[in-house]
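Hello,

Here is the structure I promised to pass on. Please have a look, and my notes follow below.

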Amino acid sequence: MSVARNRIAVYPGTFDPITSGHVDLVDRAAPLFERLIVGVAESAGKGPALSLSLRVDLAREALARHGNVEVRGFDSLLAHFVKEVGGGVLLRGLRAVSDFEYEFQLASMNRHLIPEVETLFLTPAEQYGFISSSLVREISRLGGDVSDFVPPAVARALQAEWKRARE
């Protein structure tokens, strides 16, 4: 792997929605790389609650303070996206031991598909370890306050989405 590729990391996910835990990982990873590309996956099979364009916009707003972070949507195999953007490192978050088995399997598959790319795991700060997008969506959908778990624009977007869905 070339040194130039090592300087470009890709942090993929559905980010449905982006949470404070995701933002924390980007905050800590951004200084480590020349460029950090947050790849927001369409993931139609997962049935995201928010549209791809909204998820991209929310991630861009949440991460705007980082000059070396770019947010891009994609609807392809992750390996193809990583090659397209010239990534040399895949960044993944591990919240708990329960994440490890799935992430290990994913990393092994990616190593097979894109052997020139390394996977780097980061853990979130302790206060974000329990936050997941699916929990945030469910709490918000049921009318709960998620402002402690997501950036303000995300909390507003979720409230608007559920209001629209009820009408």
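**Salt bridges and a helix pair**

Arg 35, Glu 70, Arg 72 and Glu 84 are joined in a network of salt bridges. Please keep in mind that this is a predicted model.

Searching the whole structure turns up 9 salt bridges. One of them connects Asp 16 and Arg 137, with 3.5 Å between the closest N and O atoms. Asp 16 sits in the loop between β1 and α2, while Arg 137 belongs to helix α6, so this pair ties together parts that are 121 residues apart in sequence. Asp 16 is buried, with a relative accessible area of 3%, whereas Arg 137 is partly exposed at 24%.

Another salt bridge runs between Arg 65 and Asp 27, whose closest N and O atoms are 2.8 Å apart. It links distant parts of the chain: Arg 65 is in the loop between α3 and β3, and Asp 27 is in helix α2, 38 residues apart. Arg 65 is exposed at 56% relative accessibility, and Asp 27 is partly exposed at 26%.

Leu 54, Leu 58 and Glu 61 of α3 meet Ala 153, Val 154, Arg 156 and Ala 157 of α7. Of these contact residues, 5 are nonpolar, 2 are charged and none is polar.

Best wishes

How values were computed: Residues numbered from 1 in each chain as written. Predicted model: local features only at pLDDT ≥ 70, side-chain atom pairs only at ≥ 80, totals over all residues. Heavy atoms only, no water. Contact = heavy atoms within 4.5 Å. Helix = DSSP H or I, 4+ residues; strand = E, 2+ residues; numbered from the N terminus. Nonpolar A, V, L, I, M, F, W, Y, C, P; charged D, E, K, R; others polar. Salt bridge = Lys/Arg side-chain N within 4 Å of Asp/Glu carboxyl O. Buried < 20%, exposed > 50% of the residue type's maximum accessible area, 1.4 Å probe, protein only.
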